[in-house]
Amino acid sequence: MTGPPAGYFVVVPPTQAEDVVNLATIFAILGNSWKTLISAALLGAIIAAVISLQMRSLYRAEILVAPVTRDRLGGLDALRNQFGGLAELAGVDVGTSGGRKEESFATLTSMGFARSFILTENLMPILFADRWNSKTSRWREGEKQPTLEAGVKSFTKNVRTVTEDRKTGLVTVSVEWYSAQLAARWANRMVEMVNERLRTEAIRNADFSIEYLNKELAKTNVVEMEQAIYRLIENQVNSAMLANVEHEYAFRVIDPAVAPETRVSPKRTVMTLVGGAIGLFVGVISIFARRAVRGARKSSMTSTVDTSTRRT
């Protein structure tokens, strides 16, 4: 071909070669400073290990329970339409068993129950042990005395966790604390207290309903009304008898909580590895920072020498 070349030409800069050179330079710098990197990683791992050893071991105890549900309609389905008002006045529940399950779960997770549990088990000195003087059995002088609401907030946020499996309906109560024995005790005790509270309320409500229904029975001479009241009374008597003999009234324990042998935190091995990685990263940064400072000093010295040479 004669004449100038025709067409389009694309100039490709040698970026790949430069990248290879830069990476090779970086690895060479790091290789020459391997002692510094190892020292930084070891120092970071040691610091993390010491910190993890200073942290208190935290344990988690769990209890698995199933809400107790029963069909409380029985033969009262027709009465609900005919004498629903009378049943409501008497405090007779002729609804389905789903409401009882929701009531049990709501009671377990309520702030009021947490407040009662803290008071019953005297947990305030345990939750705020740093402010409690065990020798004098009083709050330390100069320390602000924590309120019950502060204890409830700390307990529900940091200690107790309640989760429900939507598929199976099972409920798990988890307690995290620094003592494995206390964590297991509190988890089991909470379920016991919920069962006892709802069982006592059921007995009290049944007695109240029976008393009211007996008064209404004495006021009427209508046979149909008398039969309806008798059936309501029978239902309440059965409920009271069941509550008296059944201790697992709200939740049936599937798997009780036991004192765990392994802690959930701190994860000392993970913390040590993370500390070593952080130390290694800091070491790499320090190496290149020192090289940058040295380069800046050399450039400054070179420019000073050039300036003085030009003046002379």
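Let's start in the loop between helix 6 and helix 7, which is where Asn122 sits. This is a predicted model, and in it Asn122 has a positive phi of about 55°, even though Asn122 is not a glycine.

Ser137 is another case. Its phi is near 55°, again a positive value in a residue other than glycine. You'll find Ser137 in the loop between strand 2 (132-133) and strand 3 (138-139). With 47% relative accessibility, Ser137 counts as partly exposed.

One more backbone detail to look for: a cis peptide bond links Ser265 to Pro266, with omega at about 0°. Pro266 belongs to the loop between strand 6 (251-255) and helix 11 (268-311).

## The chain as a whole

Stepping back, the protein chain has eleven helices and six strands. Of its 312 residues, 33% are buried.

## The main core

The largest nonpolar core holds 36 residues. Leu108, Leu127, Phe155, Val173, Trp186 and Phe251 are the ones with the most contacts inside this core. Several elements give two or more residues to it: strand 1 (59-67), helix 6 (111-121), helix 7 (124-127), helix 8 (148-159), strand 5 (171-177) and helix 9 (180-219). Helix 9 supplies the largest share, eleven residues. There is also a second, separate core of six residues, and Leu213, Leu217, Ile229 and Leu232 are among them.

Setting aside its neighbours within four places in sequence, Phe155 is in contact with Ala114, Phe117, Ile118, Leu123, Leu127, Arg160, Trp186 and Met190. Phe155 is also one of the buried residues of helix 8, along with Gly151, Val152, Ser154, Thr156 and Val159. What do these buried residues of helix 8 pack against? Their partners are helix 6, helix 7, strand 4 (160-164), strand 5 and helix 9.

## Helix 6 and its two partners

Helix 6 meets helix 8 with the two axes coming within 9 Å and crossing at roughly 105°. The two helices are therefore roughly perpendicular to each other. On the helix 6 side, the contact uses Met111, Ala114, Arg115, Phe117, Ile118 and Leu119, while helix 8 brings Leu148, Glu149, Gly151, Val152, Phe155 and Thr156. Sorted by class, that gives eight nonpolar, two polar and two charged residues.

Helix 6 also packs against helix 9, at an angle of about 115° and with the axes 11 Å apart. Here helix 6 passes helix 9 in a right-handed crossing. Gly112, Phe113, Ser116, Phe117, Thr120 and Glu121 take part from helix 6, and they meet Arg185, Trp186, Arg189, Met190, Met193, Val194 and Arg197 of helix 9. This contact divides into six nonpolar, three polar and four charged residues. Look out for Phe117, which is listed both in the contact with helix 8 and in the contact with helix 9.

A few single residues round out the picture. Ser104 is found in helix 5 (residues 98-109). Is Ser104 buried or exposed? Ser104 has a relative accessible area of 1%, and the cut-off for buried is under 20%, so Ser104 counts as buried. Apart from its neighbours within four places in sequence, Ser104 is in contact with Val194, Leu198, Ala250 and Phe251.

Phe251 turns up again with Glu192: the two are 59 residues apart in sequence, yet 8.6 Å apart in space, C-alpha to C-alpha. Glu192 is part of helix 9 and counts as partly exposed, at 45% relative accessibility.

Finally, visit Gln236 in helix 10 (residues 223-245). Gln236 is buried, with a relative accessible area of 6%.

Terms used
Residues numbered from 1 in each chain as written. Predicted model: local features only at pLDDT ≥ 70, side-chain atom pairs only at ≥ 80, totals over all residues. Heavy atoms only, no water. Core = buried A, V, L, I, M, F, W, Y, C linked by side-chain atoms within 4.5 Å. Buried < 20%, exposed > 50% of the residue type's maximum accessible area, 1.4 Å probe, protein only. Helix = DSSP H or I, 4+ residues; strand = E, 2+ residues; numbered from the N terminus. Contact = heavy atoms within 4.5 Å. Axes fitted to C-alpha atoms, helices over the stretch in contact; angles between N-to-C directions. Parallel < 35°, antiparallel > 145°, perpendicular 65-115°, else oblique. Nonpolar A, V, L, I, M, F, W, Y, C, P; charged D, E, K, R; others polar. Left-handed = near helix turned anticlockwise from the far one by under 90°.
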